[in-house]
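Open the structure in your viewer and keep the selection tool at hand. The stops below say what to select next and what is there.

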Amino acid sequence: QVQLVESGGGLVQAGGSLRLSCAASGRTFIRDVMGWFRRAAGKEREFVAAISWTGDSPSYVDSVKGRFTISRDYVKKMVYLQMNSLKPEDTAVYYCAARRQSESDFDSWGQGTQVTVSS
């Protein structure tokens with residue numbers, strides 16, 4: 001399994017920016033897929049973005065396209081989520097997750113970091 005630790009959450013005004021970081025350790029492989037999810041209060045967990053360690057084909061949920069950017073550094077075993085033009089509806093606990101390329105489900109999760117966007 002992969003151990004994941006998120007950081008970088010906080011309180012920001014609407015229109016502001018934050019960068020979340022995720023430190024990975026344990027059994028990581030170059031073709032693993034790393035993702036960011038979020039859960040707002042009273043709502044289901046939602047996929048936000050994903051990228052492989054090779055950097056191939058990053059993907060995003062429609063609501064963050066053009067505002068969020070996922071990136072990774074395999075040497076440092078770090079995954080980042082740059083969030084710009086934040087909106088109050090982006091308020092949620094953000095989780096880093098990992099899965100093997102051959103698997104469909106993410107099976108390693110971090111503890112989450114709170115992002116609060118004030119209007």
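Begin with the open sheet, in which 4 strands run in the order β1-β3-β8-β7 with antiparallel pairing. Strands here are DSSP runs of E with at least two residues, numbered from the N terminus, and two of them pair if DSSP finds at least two bridges between them. Select residues 2–7 (β1) and 68–73 (β7) to see the edge strands, each of which pairs on one side only. From one strand to the next the twist averages 20 degrees, taken between lines fitted to C-alpha atoms, with angles running from 0 to 180 degrees between N-to-C directions.

A note before going on: this is a predicted model, in which local features need pLDDT of at least 70 and side-chain atom pairs count only at pLDDT 80 or more, while totals for chains, interfaces and linings use all residues. Residues are numbered from 1 along each chain as its sequence is written, and side-chain values use heavy atoms, leaving out hydrogens and water.

Next, select residues 18–26 (β3) and 78–83 (β8), which pair in the antiparallel sense over 6 bridges. Within this pair, pick Arg19; its bridge partner in β8 is Gln82.

Now turn to the salt bridges, each a side-chain nitrogen of Lys or Arg within 4 Å of a carboxyl oxygen of Asp or Glu. The whole structure has 5 of them. Select Arg67 and Asp90, whose side chains meet in one at 2.7 Å, N to O. Arg67 sits in the loop between β6 (59–60) and β7, and Asp90 in the loop between β8 and β9, 23 residues apart. Are these two residues buried or exposed? Arg67 counts as buried at 10% relative accessibility, and so does Asp90 at 1%; buried means under 20% relative accessible area, exposed over 50%, and partly exposed in between (1.4 Å probe, protein chains only).

Glu46 and Arg38 form a salt bridge of their own, 2.7 Å from N to O. Glu46 is partly exposed at 29%, whereas Arg38 is buried at 6%.

Finish at Arg99, in strand β9 (residues 92–99). Arg99 is buried but has no salt bridge, and the nearest side chain of opposite charge, Asp105, is 7.4 Å away; Lys and Arg count as positive, Asp and Glu as negative, and His and the chain ends are not counted. A polar atom of the Arg99 side chain lies 3.4 Å from the backbone oxygen of Gln101.

Technical notes:
Polar contact = N/O pair within 3.5 Å; in protein donor to acceptor, adjacent residues only side chain to side chain.
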